[in-house]
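Dear colleague,

I am handing over the structure we spoke about, and it is shown just below. My notes on what was found in it follow after that.

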Amino acid sequence: MGELTRVEFTNLDKILYPDNGIKKSQIIEYYIKIAPRMLNYLQDRAVVTKRFPDGIQEEGFYEKDAPKEKPSWIQTFPRYSKTTKKTINYIVCNSLDALLWLANIAAIEINVMLSRIYSYENPELVLFDLDPEPPADFANAVEVALLLREVLEDIGLKSYVKTSGKKGLHVVIPVYPKYTFKQTRVFAYSIGRYLAKKSDLVVSELKQSKDPGKVFIDYLQNSLGKTMICPYSLRATKYAPVSTPLEWKELKKTLRPEKLNIFNVPKRKKDPWEGILKENQKLEVN
Amino acid sequence: MGREEEKTPTPRKAIWSGNISIGLVNVPVKLYPMIKEHAFSFKLLHKENGHPLKYKRICSKDEKEVSWSEIVKGYEVGKNEFVVFEKDELEAIKPESDKKIHIDKFIDFLSVDPVYFDKSYILAPDKNEEAYSLLLTALQRLGKAGVGKITLRTKEYPALVYEYKGALILTTLRYPYEVVDPRGIEELKELKEPNPEEVDLAIKIIENLSGEFDITGYKDSFKEKIEELIEKKMKGEKVVVEKPKKEEVKELMVALKETIKQLEKK
(Lines give C-alpha, C1' and ligand atoms only; values in the text may rest on other atoms or scores of the structure.)
Protein backbone atom coordinates (compact mmCIF):
# COMPACT_ATOMS: atom_id res chain seq x y z
CA MET A 1 0.00 0.00 0.00
CA GLY A 2 3.24 1.97 0.34
CA GLU A 3 2.55 5.50 -0.76
CA LEU A 4 -1.08 5.59 0.39
CA THR A 5 -0.77 4.67 4.04
CA ARG A 6 1.86 3.93 6.65
CA VAL A 7 -0.20 1.02 7.91
CA GLU A 8 0.93 -2.48 7.01
CA PHE A 9 -2.29 -4.49 6.76
CA THR A 10 -2.12 -8.04 8.07
CA ASN A 11 -4.37 -11.13 8.06
CA LEU A 12 -6.90 -9.50 5.75
CA ASP A 13 -8.68 -12.82 5.21
CA LYS A 14 -9.38 -13.36 8.87
CA ILE A 15 -13.09 -13.64 9.55
CA LEU A 16 -14.05 -11.40 12.47
CA TYR A 17 -17.86 -11.70 12.30
CA PRO A 18 -18.30 -15.44 11.88
CA ASP A 19 -22.10 -15.34 11.63
CA ASN A 20 -21.95 -12.99 8.67
CA GLY A 21 -18.58 -14.04 7.26
CA ILE A 22 -17.23 -10.50 7.52
CA LYS A 23 -13.48 -10.41 7.05
CA LYS A 24 -10.93 -7.99 8.43
CA SER A 25 -10.45 -6.55 4.95
CA GLN A 26 -14.13 -5.51 4.99
CA ILE A 27 -13.75 -3.85 8.38
CA ILE A 28 -10.73 -1.91 7.14
CA GLU A 29 -12.63 -0.99 3.99
CA TYR A 30 -15.52 0.28 6.12
CA TYR A 31 -13.25 2.49 8.21
CA ILE A 32 -11.53 3.79 5.07
CA LYS A 33 -14.90 4.79 3.61
CA ILE A 34 -16.31 6.29 6.78
CA ALA A 35 -13.10 8.12 7.78
CA PRO A 36 -14.01 11.50 6.24
CA ARG A 37 -17.06 11.62 8.52
CA MET A 38 -15.77 9.75 11.56
CA LEU A 39 -12.47 11.59 11.97
CA ASN A 40 -14.41 14.75 12.94
CA TYR A 41 -15.59 13.02 16.08
CA LEU A 42 -12.23 11.47 16.88
CA GLN A 43 -10.30 14.73 16.57
CA ASP A 44 -8.37 15.57 19.74
CA ARG A 45 -10.21 13.04 21.86
CA ALA A 46 -8.70 10.25 23.91
CA VAL A 47 -9.99 6.88 22.71
CA VAL A 48 -10.61 3.60 24.45
CA THR A 49 -10.95 0.67 22.10
CA LYS A 50 -12.46 -2.75 22.43
CA ARG A 51 -10.42 -5.22 20.43
CA PHE A 52 -11.52 -8.55 18.99
CA PRO A 53 -8.39 -10.07 17.44
CA ASP A 54 -9.98 -13.53 17.25
CA GLY A 55 -13.41 -12.38 16.11
CA ILE A 56 -16.51 -11.17 17.93
CA GLN A 57 -17.46 -14.65 19.10
CA GLU A 58 -14.62 -14.31 21.64
CA GLU A 59 -14.71 -12.00 24.67
CA GLY A 60 -12.65 -9.15 23.26
CA PHE A 61 -10.84 -6.74 25.59
CA TYR A 62 -10.90 -3.04 26.40
CA GLU A 63 -7.68 -1.18 25.77
CA LYS A 64 -7.02 2.23 27.30
CA ASP A 65 -3.24 2.26 27.27
CA ALA A 66 -1.68 2.33 23.79
CA PRO A 67 -0.13 -1.08 23.06
CA LYS A 68 3.66 -1.34 22.91
CA GLU A 69 3.69 -2.22 19.23
CA LYS A 70 2.11 1.16 18.44
CA PRO A 71 4.00 2.95 15.64
CA SER A 72 5.77 6.17 16.62
CA TRP A 73 3.54 8.34 14.42
CA ILE A 74 0.41 7.56 16.48
CA GLN A 75 -0.41 10.48 18.75
CA THR A 76 -0.95 9.75 22.44
CA PHE A 77 -2.24 11.64 25.45
CA PRO A 78 -0.54 10.68 28.72
CA ARG A 79 -2.67 10.87 31.81
CA TYR A 80 -1.77 9.80 35.32
CA SER A 81 -4.40 7.59 36.88
CA LYS A 82 -4.75 7.89 40.64
CA THR A 83 -6.59 4.60 40.94
CA THR A 84 -4.05 2.46 39.10
CA LYS A 85 -1.11 4.72 40.06
CA LYS A 86 0.33 4.62 36.57
CA THR A 87 0.34 6.78 33.52
CA ILE A 88 -2.03 5.74 30.77
CA ASN A 89 -1.05 6.74 27.24
CA TYR A 90 -4.39 7.18 25.52
CA ILE A 91 -4.42 6.97 21.75
CA VAL A 92 -5.61 10.10 19.97
CA CYS A 93 -6.91 9.11 16.57
CA ASN A 94 -6.27 12.28 14.61
CA SER A 95 -5.42 10.87 11.20
CA LEU A 96 -6.69 8.42 8.62
CA ASP A 97 -3.62 6.28 9.22
CA ALA A 98 -4.28 6.12 12.96
CA LEU A 99 -7.86 4.98 12.30
CA LEU A 100 -6.68 2.33 9.85
CA TRP A 101 -4.05 1.16 12.29
CA LEU A 102 -6.80 0.66 14.88
CA ALA A 103 -8.87 -1.24 12.33
CA ASN A 104 -5.90 -3.46 11.54
CA ILE A 105 -5.40 -4.43 15.19
CA ALA A 106 -9.11 -5.42 15.24
CA ALA A 107 -10.09 -2.50 17.48
CA ILE A 108 -13.62 -2.92 16.16
CA GLU A 109 -15.33 -0.73 18.77
CA ILE A 110 -13.85 2.74 19.16
CA ASN A 111 -15.01 4.81 22.13
CA VAL A 112 -14.28 8.50 22.61
CA MET A 113 -14.30 10.79 25.60
CA LEU A 114 -16.85 13.56 25.86
CA SER A 115 -14.08 16.13 26.38
CA ARG A 116 -11.14 17.05 24.16
CA ILE A 117 -7.58 16.55 25.34
CA TYR A 118 -6.82 20.28 25.63
CA SER A 119 -9.80 20.87 27.91
CA TYR A 120 -9.81 17.41 29.39
CA GLU A 121 -11.88 18.23 32.46
CA ASN A 122 -14.53 20.20 30.57
CA PRO A 123 -16.77 18.16 28.32
CA GLU A 124 -17.96 19.42 24.97
CA LEU A 125 -20.85 17.01 24.79
CA VAL A 126 -23.58 16.09 27.26
CA LEU A 127 -24.71 12.50 26.76
CA PHE A 128 -28.07 10.92 27.52
CA ASP A 129 -27.70 7.18 27.06
CA LEU A 130 -31.18 5.72 26.61
CA ASP A 131 -31.07 2.10 27.58
CA PRO A 132 -34.30 0.04 27.25
CA GLU A 133 -34.62 -2.91 29.61
CA PRO A 134 -36.65 -5.80 28.12
CA PRO A 135 -39.47 -6.17 27.43
CA ALA A 136 -38.91 -2.49 26.57
CA ASP A 137 -37.23 -2.36 23.17
CA PHE A 138 -35.74 -0.05 20.63
CA ALA A 139 -39.17 1.38 19.75
CA ASN A 140 -39.59 2.42 23.40
CA ALA A 141 -36.16 4.07 23.34
CA VAL A 142 -37.31 6.00 20.27
CA GLU A 143 -40.40 7.16 22.14
CA VAL A 144 -38.28 8.43 25.04
CA ALA A 145 -35.74 10.09 22.73
CA LEU A 146 -38.48 12.08 21.02
CA LEU A 147 -39.81 13.13 24.40
CA LEU A 148 -36.33 14.13 25.54
CA ARG A 149 -35.79 16.15 22.39
CA GLU A 150 -38.98 18.08 23.06
CA VAL A 151 -38.02 18.85 26.65
CA LEU A 152 -34.57 20.05 25.60
CA GLU A 153 -36.09 22.15 22.84
CA ASP A 154 -38.43 23.75 25.35
CA ILE A 155 -35.43 25.04 27.29
CA GLY A 156 -33.77 26.21 24.09
CA LEU A 157 -31.25 23.42 23.55
CA LYS A 158 -30.60 21.72 20.24
CA SER A 159 -29.93 17.99 20.52
CA TYR A 160 -28.64 15.27 18.23
CA VAL A 161 -29.43 11.57 18.15
CA LYS A 162 -27.57 8.43 17.12
CA THR A 163 -28.17 4.71 17.48
CA SER A 164 -25.87 3.00 19.92
CA GLY A 165 -25.67 0.20 17.36
CA LYS A 166 -27.17 -2.13 19.92
CA LYS A 167 -30.65 -1.70 21.41
CA GLY A 168 -30.30 1.86 22.72
CA LEU A 169 -30.07 5.46 21.58
CA HIS A 170 -27.67 8.27 22.40
CA VAL A 171 -28.93 11.84 22.58
CA VAL A 172 -26.21 14.49 22.88
CA ILE A 173 -26.07 18.24 23.21
CA PRO A 174 -22.93 20.13 22.21
CA VAL A 175 -21.87 22.66 24.88
CA TYR A 176 -19.09 25.18 25.44
CA PRO A 177 -16.20 23.40 27.16
CA LYS A 178 -16.56 25.46 30.30
CA TYR A 179 -18.65 23.19 32.52
CA THR A 180 -17.27 20.47 34.73
CA PHE A 181 -18.34 16.86 34.33
CA LYS A 182 -20.16 17.19 37.62
CA GLN A 183 -22.24 20.02 36.18
CA THR A 184 -23.12 18.19 32.96
CA ARG A 185 -23.88 15.04 34.95
CA VAL A 186 -26.24 16.87 37.30
CA PHE A 187 -27.84 18.53 34.30
CA ALA A 188 -28.47 15.21 32.53
CA TYR A 189 -29.70 13.64 35.75
CA SER A 190 -32.21 16.43 36.43
CA ILE A 191 -33.58 16.20 32.90
CA GLY A 192 -33.92 12.45 33.40
CA ARG A 193 -35.80 12.96 36.66
CA TYR A 194 -38.14 15.41 35.01
CA LEU A 195 -38.89 12.92 32.23
CA ALA A 196 -39.39 10.08 34.69
CA LYS A 197 -42.12 12.15 36.31
CA LYS A 198 -43.69 12.86 32.94
CA SER A 199 -43.61 9.32 31.54
CA ASP A 200 -44.17 5.89 33.08
CA LEU A 201 -41.75 4.44 30.58
CA VAL A 202 -38.77 6.40 31.89
CA VAL A 203 -36.61 5.71 34.94
CA SER A 204 -33.82 8.01 36.05
CA GLU A 205 -32.09 6.27 38.96
CA LEU A 206 -29.23 3.82 38.53
CA LYS A 207 -30.90 1.33 40.87
CA GLN A 208 -33.91 1.27 38.54
CA SER A 209 -31.82 0.64 35.43
CA LYS A 210 -32.77 -3.04 35.38
CA ASP A 211 -36.49 -2.45 35.95
CA PRO A 212 -38.20 -4.55 33.30
CA GLY A 213 -40.04 -2.69 30.57
CA LYS A 214 -38.45 0.69 31.39
CA VAL A 215 -36.05 2.96 29.56
CA PHE A 216 -33.22 4.16 31.80
CA ILE A 217 -31.78 7.59 31.02
CA ASP A 218 -28.16 6.91 31.90
CA TYR A 219 -26.49 10.18 32.94
CA LEU A 220 -23.44 8.57 34.54
CA GLN A 221 -21.34 8.55 31.39
CA ASN A 222 -20.92 12.29 31.92
CA SER A 223 -17.84 11.66 34.06
CA LEU A 224 -14.15 12.35 33.72
CA GLY A 225 -12.47 9.52 31.83
CA LYS A 226 -15.73 7.85 30.75
CA THR A 227 -16.39 7.32 27.07
CA MET A 228 -19.18 6.79 24.58
CA ILE A 229 -19.12 4.70 21.44
CA CYS A 230 -17.84 7.03 18.72
CA PRO A 231 -20.28 8.10 15.99
CA TYR A 232 -19.74 5.68 13.08
CA SER A 233 -17.93 3.05 15.13
CA LEU A 234 -18.83 -0.54 14.29
CA ARG A 235 -20.29 -2.66 17.07
CA ALA A 236 -19.13 -6.17 17.78
CA THR A 237 -22.52 -7.82 17.42
CA LYS A 238 -24.20 -9.82 14.66
CA TYR A 239 -24.74 -7.91 11.37
CA ALA A 240 -21.87 -5.50 12.23
CA PRO A 241 -24.16 -2.59 13.15
CA VAL A 242 -22.86 0.96 13.27
CA SER A 243 -23.52 3.62 15.91
CA THR A 244 -25.20 5.88 13.35
CA PRO A 245 -25.99 9.60 13.64
CA LEU A 246 -29.56 10.23 12.48
CA GLU A 247 -31.77 13.12 11.44
CA TRP A 248 -34.53 13.51 14.01
CA LYS A 249 -37.07 12.92 11.24
CA GLU A 250 -35.47 9.55 10.52
CA LEU A 251 -36.04 8.40 14.08
CA LYS A 252 -39.09 6.18 13.84
CA LYS A 253 -40.30 3.33 15.99
CA THR A 254 -40.06 1.01 13.01
CA LEU A 255 -36.35 1.72 12.55
CA ARG A 256 -34.18 -1.37 12.96
CA PRO A 257 -30.77 -0.41 14.37
CA GLU A 258 -29.05 -3.50 12.93
CA LYS A 259 -30.08 -2.33 9.46
CA LEU A 260 -27.67 0.56 9.87
CA ASN A 261 -24.56 -1.54 9.40
CA ILE A 262 -21.12 -1.94 7.85
CA PHE A 263 -22.62 -2.32 4.38
CA ASN A 264 -25.09 0.51 4.11
CA VAL A 265 -23.95 3.28 6.46
CA PRO A 266 -21.08 4.34 4.13
CA LYS A 267 -23.72 4.79 1.39
CA ARG A 268 -25.73 7.32 3.41
CA LYS A 269 -25.58 10.63 1.59
CA LYS A 270 -24.64 13.04 4.35
CA ASP A 271 -23.71 13.22 7.97
CA PRO A 272 -26.78 14.31 9.99
CA TRP A 273 -24.44 15.53 12.73
CA GLU A 274 -22.47 17.78 10.42
CA GLY A 275 -21.77 21.07 12.17
CA ILE A 276 -22.55 19.73 15.65
CA LEU A 277 -19.05 20.51 16.88
CA LYS A 278 -19.42 24.19 16.00
CA GLU A 279 -22.75 24.58 17.73
CA ASN A 280 -21.66 24.85 21.34
CA GLN A 281 -24.50 25.85 23.60
CA LYS A 282 -24.86 27.19 27.11
CA LEU A 283 -26.62 25.11 29.73
CA GLU A 284 -27.80 28.08 31.80
CA VAL A 285 -31.48 28.57 31.24
CA ASN A 286 -32.27 32.15 30.40
CA MET B 1 -0.34 -18.46 -27.67
CA GLY B 2 -3.12 -16.03 -28.49
CA ARG B 3 -4.00 -13.71 -25.60
CA GLU B 4 -7.03 -12.21 -27.28
CA GLU B 5 -10.18 -14.36 -27.38
CA GLU B 6 -10.11 -17.68 -25.57
CA LYS B 7 -10.51 -20.34 -28.26
CA THR B 8 -12.05 -23.71 -27.65
CA PRO B 9 -9.63 -26.53 -28.47
CA THR B 10 -9.73 -28.11 -31.94
CA PRO B 11 -10.61 -31.81 -32.26
CA ARG B 12 -7.76 -34.24 -32.07
CA LYS B 13 -7.59 -37.70 -33.55
CA ALA B 14 -9.97 -40.52 -32.72
CA ILE B 15 -8.81 -42.77 -29.89
CA TRP B 16 -11.28 -45.62 -30.24
CA SER B 17 -13.68 -46.98 -32.78
CA GLY B 18 -16.53 -49.46 -32.38
CA ASN B 19 -20.29 -49.69 -32.20
CA ILE B 20 -23.06 -48.30 -30.09
CA SER B 21 -25.05 -51.44 -29.54
CA ILE B 22 -28.75 -51.19 -28.76
CA GLY B 23 -30.27 -54.63 -28.71
CA LEU B 24 -29.59 -55.98 -32.18
CA VAL B 25 -28.91 -52.59 -33.73
CA ASN B 26 -25.34 -51.36 -34.13
CA VAL B 27 -24.32 -47.75 -34.80
CA PRO B 28 -20.65 -47.55 -35.83
CA VAL B 29 -18.81 -44.66 -34.16
CA LYS B 30 -15.38 -43.17 -33.53
CA LEU B 31 -14.47 -41.67 -30.18
CA TYR B 32 -12.74 -38.28 -29.91
CA PRO B 33 -11.54 -36.86 -26.61
CA MET B 34 -13.68 -33.87 -25.68
CA ILE B 35 -11.74 -32.50 -22.76
CA LYS B 36 -8.35 -30.91 -23.16
CA GLU B 37 -6.73 -30.48 -19.79
CA HIS B 38 -5.35 -27.01 -19.41
CA ALA B 39 -3.15 -27.41 -16.39
CA PHE B 40 0.43 -26.29 -16.89
CA SER B 41 3.07 -28.89 -16.40
CA PHE B 42 6.69 -28.05 -16.01
CA LYS B 43 9.69 -30.28 -16.72
CA LEU B 44 12.33 -30.47 -14.06
CA LEU B 45 15.73 -29.26 -15.31
CA HIS B 46 19.22 -29.18 -13.94
CA LYS B 47 19.69 -25.54 -12.99
CA GLU B 48 23.38 -25.54 -13.94
CA ASN B 49 23.02 -26.60 -17.57
CA GLY B 50 19.29 -26.66 -18.31
CA HIS B 51 19.11 -30.35 -19.16
CA PRO B 52 15.99 -32.33 -18.27
CA LEU B 53 16.28 -34.72 -15.38
CA LYS B 54 15.99 -38.47 -15.85
CA TYR B 55 14.41 -40.83 -13.38
CA LYS B 56 15.99 -44.01 -12.15
CA ARG B 57 14.28 -46.78 -10.24
CA ILE B 58 16.35 -47.47 -7.15
CA CYS B 59 15.90 -50.41 -4.80
CA SER B 60 15.16 -49.12 -1.32
CA LYS B 61 17.27 -51.88 0.22
CA ASP B 62 20.62 -51.77 -1.58
CA GLU B 63 20.24 -48.39 -3.34
CA LYS B 64 21.05 -50.03 -6.70
CA GLU B 65 19.29 -49.34 -9.95
CA VAL B 66 16.72 -51.97 -11.01
CA SER B 67 16.03 -52.75 -14.69
CA TRP B 68 12.46 -53.18 -16.01
CA SER B 69 12.98 -56.93 -16.51
CA GLU B 70 13.57 -57.30 -12.78
CA ILE B 71 10.39 -55.46 -11.78
CA VAL B 72 7.06 -56.98 -10.64
CA LYS B 73 3.94 -55.26 -9.33
CA GLY B 74 2.92 -55.47 -5.69
CA TYR B 75 -0.37 -54.62 -4.02
CA GLU B 76 0.12 -53.39 -0.48
CA VAL B 77 -2.12 -55.39 1.85
CA GLY B 78 -0.53 -54.29 5.11
CA LYS B 79 2.39 -52.13 6.12
CA ASN B 80 5.28 -53.37 3.96
CA GLU B 81 3.29 -56.48 3.09
CA PHE B 82 2.63 -57.06 -0.58
CA VAL B 83 0.77 -59.49 -2.78
CA VAL B 84 2.91 -59.88 -5.91
CA PHE B 85 1.61 -59.95 -9.50
CA GLU B 86 3.56 -60.97 -12.57
CA LYS B 87 2.88 -59.14 -15.80
CA ASP B 88 1.08 -62.11 -17.44
CA GLU B 89 -1.19 -62.60 -14.46
CA LEU B 90 -2.57 -59.10 -14.83
CA GLU B 91 -2.63 -59.39 -18.62
CA ALA B 92 -4.85 -62.49 -18.38
CA ILE B 93 -7.64 -60.81 -16.36
CA LYS B 94 -7.69 -57.51 -18.24
CA PRO B 95 -11.15 -56.79 -19.65
CA GLU B 96 -11.19 -57.22 -23.38
CA SER B 97 -12.43 -54.13 -25.11
CA ASP B 98 -15.19 -55.65 -27.19
CA LYS B 99 -15.42 -52.49 -29.27
CA LYS B 100 -18.97 -51.93 -28.14
CA ILE B 101 -20.89 -49.35 -26.20
CA HIS B 102 -23.65 -51.49 -24.71
CA ILE B 103 -26.80 -49.47 -24.13
CA ASP B 104 -29.09 -51.08 -21.53
CA LYS B 105 -31.86 -48.52 -21.34
CA PHE B 106 -32.86 -44.92 -21.93
CA ILE B 107 -33.35 -42.43 -19.14
CA ASP B 108 -34.04 -38.74 -18.67
CA PHE B 109 -30.68 -37.02 -18.96
CA LEU B 110 -31.53 -34.60 -16.13
CA SER B 111 -32.21 -37.48 -13.73
CA VAL B 112 -28.48 -38.29 -13.50
CA ASP B 113 -26.75 -36.66 -10.53
CA PRO B 114 -23.86 -34.60 -11.93
CA VAL B 115 -21.57 -35.93 -9.19
CA TYR B 116 -21.30 -39.16 -11.21
CA PHE B 117 -20.01 -37.46 -14.38
CA ASP B 118 -16.42 -38.30 -15.19
CA LYS B 119 -14.98 -37.70 -18.67
CA SER B 120 -16.72 -36.74 -21.90
CA TYR B 121 -15.95 -37.91 -25.43
CA ILE B 122 -17.41 -36.97 -28.81
CA LEU B 123 -18.89 -39.83 -30.80
CA ALA B 124 -18.58 -39.28 -34.55
CA PRO B 125 -20.22 -41.42 -37.24
CA ASP B 126 -17.92 -44.10 -38.69
CA LYS B 127 -19.05 -44.83 -42.24
CA ASN B 128 -22.75 -45.47 -41.54
CA GLU B 129 -24.03 -41.91 -41.17
CA GLU B 130 -27.75 -42.75 -41.50
CA ALA B 131 -27.84 -44.91 -38.38
CA TYR B 132 -25.94 -42.24 -36.43
CA SER B 133 -28.21 -39.45 -37.57
CA LEU B 134 -31.28 -41.47 -36.68
CA LEU B 135 -30.13 -42.14 -33.12
CA LEU B 136 -29.03 -38.53 -32.69
CA THR B 137 -32.36 -37.11 -33.83
CA ALA B 138 -34.39 -39.49 -31.68
CA LEU B 139 -32.37 -38.70 -28.53
CA GLN B 140 -32.59 -34.99 -29.24
CA ARG B 141 -36.38 -35.09 -29.63
CA LEU B 142 -36.89 -37.04 -26.43
CA GLY B 143 -34.19 -35.34 -24.35
CA LYS B 144 -33.17 -38.81 -23.26
CA ALA B 145 -29.82 -40.44 -22.73
CA GLY B 146 -28.78 -44.05 -23.27
CA VAL B 147 -27.13 -45.59 -20.26
CA GLY B 148 -24.78 -48.55 -20.56
CA LYS B 149 -21.13 -49.50 -20.41
CA ILE B 150 -17.92 -49.11 -22.37
CA THR B 151 -14.45 -50.59 -21.96
CA LEU B 152 -11.71 -48.07 -22.61
CA ARG B 153 -8.18 -49.41 -22.51
CA THR B 154 -8.34 -51.69 -19.49
CA LYS B 155 -11.18 -50.26 -17.51
CA GLU B 156 -14.89 -50.80 -17.76
CA TYR B 157 -17.02 -47.68 -17.21
CA PRO B 158 -20.70 -47.00 -16.83
CA ALA B 159 -21.53 -44.38 -19.46
CA LEU B 160 -24.19 -42.10 -20.89
CA VAL B 161 -24.81 -41.40 -24.58
CA TYR B 162 -26.75 -38.23 -25.39
CA GLU B 163 -27.09 -35.36 -27.83
CA TYR B 164 -25.17 -32.08 -27.43
CA LYS B 165 -24.61 -29.40 -30.09
CA GLY B 166 -25.61 -31.73 -32.93
CA ALA B 167 -23.37 -34.62 -31.88
CA LEU B 168 -23.62 -37.74 -29.78
CA ILE B 169 -21.60 -37.43 -26.62
CA LEU B 170 -20.37 -40.22 -24.40
CA THR B 171 -19.77 -39.37 -20.77
CA THR B 172 -18.20 -41.98 -18.57
CA LEU B 173 -19.57 -42.20 -15.05
CA ARG B 174 -18.11 -42.87 -11.63
CA TYR B 175 -19.00 -46.03 -9.76
CA PRO B 176 -21.10 -45.47 -6.62
CA TYR B 177 -18.18 -46.66 -4.46
CA GLU B 178 -16.03 -43.84 -5.89
CA VAL B 179 -18.44 -41.13 -4.73
CA VAL B 180 -18.41 -40.15 -1.06
CA ASP B 181 -21.82 -40.00 0.63
CA PRO B 182 -22.15 -36.53 2.25
CA ARG B 183 -24.21 -38.04 5.03
CA GLY B 184 -20.97 -39.48 6.39
CA ILE B 185 -19.47 -36.01 6.96
CA GLU B 186 -19.35 -35.27 10.69
CA GLU B 187 -20.01 -31.52 10.38
CA LEU B 188 -23.23 -32.16 8.48
CA LYS B 189 -24.76 -34.45 11.06
CA GLU B 190 -25.91 -31.82 13.51
CA LEU B 191 -26.77 -28.94 11.23
CA LYS B 192 -28.85 -26.26 12.97
CA GLU B 193 -32.09 -25.02 11.49
CA PRO B 194 -31.53 -21.44 10.28
CA ASN B 195 -33.94 -18.81 11.53
CA PRO B 196 -36.69 -18.03 9.00
CA GLU B 197 -35.82 -14.32 8.80
CA GLU B 198 -32.27 -15.12 7.77
CA VAL B 199 -33.52 -17.63 5.24
CA ASP B 200 -35.71 -14.93 3.69
CA LEU B 201 -32.73 -12.61 3.51
CA ALA B 202 -30.53 -15.30 1.96
CA ILE B 203 -33.24 -16.06 -0.61
CA LYS B 204 -33.42 -12.37 -1.52
CA ILE B 205 -29.66 -12.20 -2.01
CA ILE B 206 -29.74 -15.29 -4.22
CA GLU B 207 -32.66 -13.95 -6.24
CA ASN B 208 -30.81 -10.68 -6.78
CA LEU B 209 -27.78 -12.55 -8.08
CA SER B 210 -29.72 -14.96 -10.27
CA GLY B 211 -28.91 -15.13 -13.97
CA GLU B 212 -28.17 -17.41 -16.91
CA PHE B 213 -25.30 -19.86 -16.74
CA ASP B 214 -22.40 -18.44 -18.74
CA ILE B 215 -19.13 -20.29 -18.44
CA THR B 216 -17.26 -17.79 -20.63
CA GLY B 217 -17.20 -15.32 -17.76
CA TYR B 218 -14.72 -17.47 -15.82
CA LYS B 219 -11.00 -17.18 -16.42
CA ASP B 220 -8.05 -19.04 -15.00
CA SER B 221 -5.91 -16.07 -14.07
CA PHE B 222 -2.91 -18.23 -13.17
CA LYS B 223 -2.92 -19.76 -16.66
CA GLU B 224 -3.17 -16.33 -18.27
CA LYS B 225 -0.28 -15.01 -16.24
CA ILE B 226 1.89 -18.04 -17.03
CA GLU B 227 1.16 -17.59 -20.73
CA GLU B 228 2.07 -13.95 -20.49
CA LEU B 229 5.34 -14.81 -18.77
CA ILE B 230 6.16 -17.51 -21.33
CA GLU B 231 5.63 -15.01 -24.13
CA LYS B 232 7.87 -12.46 -22.45
CA LYS B 233 10.56 -15.03 -21.77
CA MET B 234 10.46 -16.22 -25.39
CA LYS B 235 11.02 -12.64 -26.53
CA GLY B 236 13.97 -12.45 -24.20
CA GLU B 237 12.37 -9.86 -21.93
CA LYS B 238 13.53 -9.76 -18.38
CA VAL B 239 10.86 -10.97 -16.00
CA VAL B 240 10.64 -9.16 -12.70
CA VAL B 241 9.42 -11.33 -9.87
CA GLU B 242 6.64 -9.40 -8.20
CA LYS B 243 4.36 -10.82 -5.57
CA PRO B 244 0.86 -10.20 -6.83
CA LYS B 245 -1.36 -8.02 -4.70
CA LYS B 246 -4.43 -9.82 -3.54
CA GLU B 247 -7.77 -8.73 -4.93
CA GLU B 248 -8.89 -7.37 -1.58
CA VAL B 249 -5.76 -5.27 -1.16
CA LYS B 250 -6.50 -3.73 -4.55
CA GLU B 251 -10.04 -2.95 -3.40
CA LEU B 252 -8.72 -1.34 -0.25
CA MET B 253 -6.36 0.80 -2.30
CA VAL B 254 -9.20 2.05 -4.47
CA ALA B 255 -11.25 2.96 -1.39
CA LEU B 256 -8.20 4.55 0.21
CA LYS B 257 -7.51 6.76 -2.81
CA GLU B 258 -11.10 7.96 -2.77
CA THR B 259 -10.99 8.76 0.97
CA ILE B 260 -7.66 10.58 0.70
CA LYS B 261 -9.13 12.68 -2.10
CA GLN B 262 -12.14 13.55 0.06
CA LEU B 263 -10.00 14.43 3.07
CA GLU B 264 -7.79 16.69 0.97
CA LYS B 265 -10.82 18.66 -0.16
CA LYS B 266 -11.58 19.59 3.43
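**What was found**

Chain B contains 6 helices and 9 strands. Please keep in mind throughout that this is a predicted model. Of the 266 residues in chain B, 21% count as buried, and among the contacts in that chain between residues at least 6 apart in sequence, 57% join residues at least 24 apart.

**Where the chains meet**

The size of an interface is often given as the accessible area lost when the parts come together. Here chain B and chain A bury about 1600 Å² between them, with 68% of that area on carbon and sulfur atoms. The contact involves 17 residues of chain B and 21 residues of chain A. On the chain B side, E248(B), L252(B) and L256(B) supply 35% of the area that chain B buries against chain A, which is more than any other three residues supply.

**Helix 2 of chain A**

This helix, residues 96-104, is largely enclosed by the rest of the structure, because 9 of its 9 residues are buried.

**N111(A) in strand 7**

N111(A) is placed in strand 7 of chain A, residues 109-113, and it counts as buried because its relative accessibility is 9%, where the cut-off for buried is under 20%. Its side chain reaches the backbone nitrogen of I229(A) at 3.4 Å. If neighbours within four places in sequence are left aside, N111(A) is in contact with A46(A), V47(A), V48(A) and Y62(A), and also with T227(A), M228(A), I229(A) and C230(A).

**Helices 3 and 4 of chain A**

Two packed helices are described by the angle between their axes and the distance between the axes. For helix 3 (residues 138-154) and helix 4 (residues 181-198) of chain A, the axes come within 11 Å and cross at roughly 115°, and the crossing is right-handed. Helix 3 of chain A contributes L147(A), L148(A), V151(A) and L152(A) to the contact, while helix 4 of chain A contributes F187(A), I191(A), Y194(A), L195(A) and K198(A). Sorted by type, the residues of this contact divide into 8 nonpolar, no polar and 1 charged.

**Backbone points to check**

Most residues other than glycine have a negative phi, and most peptide bonds are trans. Against that background, the peptide bond from P134(A) to P135(A) is cis, with omega near 5°, and P135(A) is found in the loop between strand 8 (125-132) and helix 3 of chain A. N11(A), in the segment before strand 1 (15-17) of chain A, has a positive phi near 45°, and this residue is exposed, with a relative accessible area of 52%. In chain B, K127(B) lies in the loop between strand 6 (117-125) and helix 2 (129-142); its phi is also positive, near 70°, and K127(B) is exposed at a relative accessible area of 77%.

With best regards

Terms used:
Residues are numbered from 1 along each chain as its sequence is written. Chains are lettered from A and ligands numbered from 1 in the order in which they are written. This is a predicted model: local features need pLDDT of at least 70, side-chain atom pairs count only at pLDDT 80 or more; totals for chains, interfaces and linings use all residues. Side-chain values use heavy atoms; hydrogens and water are left out. Helices (H or I, at least four residues) and strands (E, at least two) are DSSP runs, numbered from the N terminus. Buried means under 20% relative accessible area, exposed over 50%, partly exposed in between (1.4 Å probe, protein chains only). A polar contact is a pair of N or O atoms within 3.5 Å; within protein, one must be able to donate a hydrogen and the other to accept it, and residues adjacent in sequence count only if both atoms are side-chain atoms. Contact means heavy atoms within 4.5 Å. Axes are lines fitted to C-alpha atoms, for helices over the stretch in contact, and angles run from 0 to 180 degrees between N-to-C directions. A crossing is left-handed if the near helix is turned anticlockwise from the far one by less than a right angle, and right-handed if clockwise. Ala, Val, Leu, Ile, Met, Phe, Trp, Tyr, Cys and Pro count as nonpolar, Asp, Glu, Lys and Arg as charged, and the others, Gly among them, as polar. Buried area is the accessible area (1.4 Å probe) that two parts lose on being put together, summed over both.
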